[in-house]
Amino acid sequence: MKSHSNIEIRRCRPLLGTFVEIEASGRNVAGLERGIAAAFSSVEKVHRLMSYHDPRSDVSRMNRDAFPNSVIVHPWTWKVLETAQQFARESNGVFDIAIARLLADRGYLPQCSHRLSGTATWRDVFLLKNYRVFFRRRLMVDLGGIAKGFAVDQAVGALKESGATSGIVNAGGDLCVFGSRSQVVHLRHPSRPSQVAGAVRLRERAMATSGIYFARCKYRGRNISPMIDGRTGRSSRELISVSVAASDCMSADALTKIVFALRERAAGLMARYQADALLLERNGAPSWMFHSSCDTPDRTRFD
Amino acid sequence: MKAEFAFIALPVSALIAPSAFAVRYLTVDQAQQAIFPSKSFTAAPVKLTSSQRKAIEQASGLRVLHDEQQVWRVSGDSWFIVDEVVGKHEFITYAVGLNADGSVKQIEIMDYRETYGGQIRDQKWRAQFVGKTSKSPLKLDNDIKNISGATLSCRHITDGVKRLLAFYEIALKH
């Protein structure tokens, strides 16, 4: 059978504080253009709803008013909060959206004017009926560790709906490959950004990477990163990068933070999400964790 | 569909490359159609006077590197502007569509180039991009298509758009 020529469109816009790149293939140019526009709109909407910095966002509204009152949020924000709380439960608090105070103290997020509870955690965040959110104490949430993955998933949904047959959405390194074609994704070396530390081939799969990149700060004379273990408040130091592949980008995004803190102890959770991870250490060889059922014929090491 | 996931062995050379990385997303024509589909465009380049330049710098708090700005008037009183920003490692050409009221309609990245080793501020290095069309793509490790790992900040674009909005107020708005 003679196949019609496949059209491929690749676009990039500055969103979510980074570069969001969308590539999509299909048979119909107009449909693809509409799909890409809708996909970028979804990302913009996630940005509007979940930005920590925009005072009109759901996140800012919650941080202002969810204590002592309560706030009604958009269903998308609700969905991200629900997933975040699920990961907090499953990781026993390693993943915690209520650690904005720590990030603010260390200069990654702006300080807020209210006095915050020093011991507030995800357990003080309550998701009530009808998209209503209530904080039991004065706290701040930051969805930065998960909203980008959600934005990627929403964009992929919009592309599929428009009839795109395959493609990739890459929001500053958090990405999802969909459709019949596989894509090679190169992993930038965390401390040598001009170099490639590894490569993976993905099909129908999302991947997120968290690492100590350019976002390193000094705190009390020590180099720290924005990767913080929600239970101990400590920054992870030995590991410099964790990439997680999973079926959706929101899960992959959240799991990178958990693997960063727990490493091998995250194996059970990784298996539950059928996720794989690639870990890079400062002076070591790359290593990876596979979920048990993963069929990977090519487990070649990079060294 | 079954998900597929495999690690790939990299040749040693790939671990050292790339020292540069470039993607061309859109030509000027394509960017115009992407932001203002089926509109007509009239080139209206602007050469800034030194006082306009100073006014833009004062209003935006940002330096104006070029006196000339590539501008098109779009049917329906909108504007299409092509601009570039230079970061420590990035050199980005992008297009901004402005609505008739001066608000931002859409931003599209046209060219994204990243390089290491300090060449980016070098005029000669930059000159090699002048006059390039989609028919002569840059061959700087174009094998690499998708990158994960670093969340690069788009702060320079944000600043650039801020500067262009001041440019609109001072040089375009009547």
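Is Phe178(A) buried or exposed, and how many other C-beta atoms lie within 10 Å?

Analyst: The model is a predicted one, and the description below should be read accordingly. Phe178(A) has 25 other C-beta atoms within 10 Å. A residue counts as buried when 20 or more such atoms lie within that distance, and Phe178(A) is therefore buried.

The residue belongs to strand S7 of chain A, which covers residues 174-179. Leaving aside residues up to four places away in sequence, Phe178(A) touches Val156(A), Lys160(A), Ser166(A), Gly167(A) and Glu204(A).

Chain A contains 7 helices and 15 strands. Of its 303 residues, 51% count as buried. Among the contacts in chain A with a separation of 6 or more, 59% are made by residues 24 or more positions apart.

Chain A also has an open sheet of 3 strands, arranged in the order S3-S5-S4 with antiparallel pairing. Strand S3 (71-72) and strand S4 (125-127) each have a single partner strand and stand at the edges, so one side of each is left without a neighbour in the sheet. The antiparallel pairing of S4(A) with strand S5 (residues 132-135) of chain A extends over 3 bridges. Within S5(A), Val133(A) stands opposite Leu127(A). Helix H3 of chain A (residues 75-90) lies across S4 and S5 of that chain and runs at about 125° to S4(A).

Two packed helices are described by the angle between their axes and the distance between the axes. In chain B, helix H3 (residues 50-60) packs with helix H5 (residues 155-172) at an angle of about 130°, and their axes are 9 Å apart. H3(B) and H5(B) are therefore oblique to each other, and H3(B) passes H5(B) in a right-handed crossing. On the H3(B) side the contact involves Gln52(B), Ala55(B), Ile56(B), Ala59(B) and Ser60(B). These meet a set of residues in H5(B) that includes Lys162(B), Arg163(B), Ala166(B), Phe167(B) and Glu169(B), together with Ile170(B) and Ala171(B). The residues of this contact between H3(B) and H5(B) divide into 7 nonpolar, 2 polar and 3 charged.

Definitions and conventions: Residues are numbered from 1 along each chain as its sequence is written. Chains are lettered from A and ligands numbered from 1 in the order in which they are written. This is a predicted model: local features need pLDDT of at least 70, side-chain atom pairs count only at pLDDT 80 or more; totals for chains, interfaces and linings use all residues. Axes are lines fitted to C-alpha atoms, for helices over the stretch in contact, and angles run from 0 to 180 degrees between N-to-C directions. Helices (H or I, at least four residues) and strands (E, at least two) are DSSP runs, numbered from the N terminus. Angles under 35 degrees count as roughly parallel, over 145 as roughly antiparallel, 65 to 115 as roughly perpendicular and the rest as oblique. A crossing is left-handed if the near helix is turned anticlockwise from the far one by less than a right angle, and right-handed if clockwise. Two residues are in contact if their C-beta atoms, placed from the backbone, lie within 7 Å. Ala, Val, Leu, Ile, Met, Phe, Trp, Tyr, Cys and Pro count as nonpolar, Asp, Glu, Lys and Arg as charged, and the others, Gly among them, as polar. A residue is buried if 20 or more other C-beta atoms lie within 10 Å of its own, exposed if 12 or fewer, and partly exposed in between; C-beta atoms are placed from the backbone. Two strands pair if DSSP finds at least two bridges between them.
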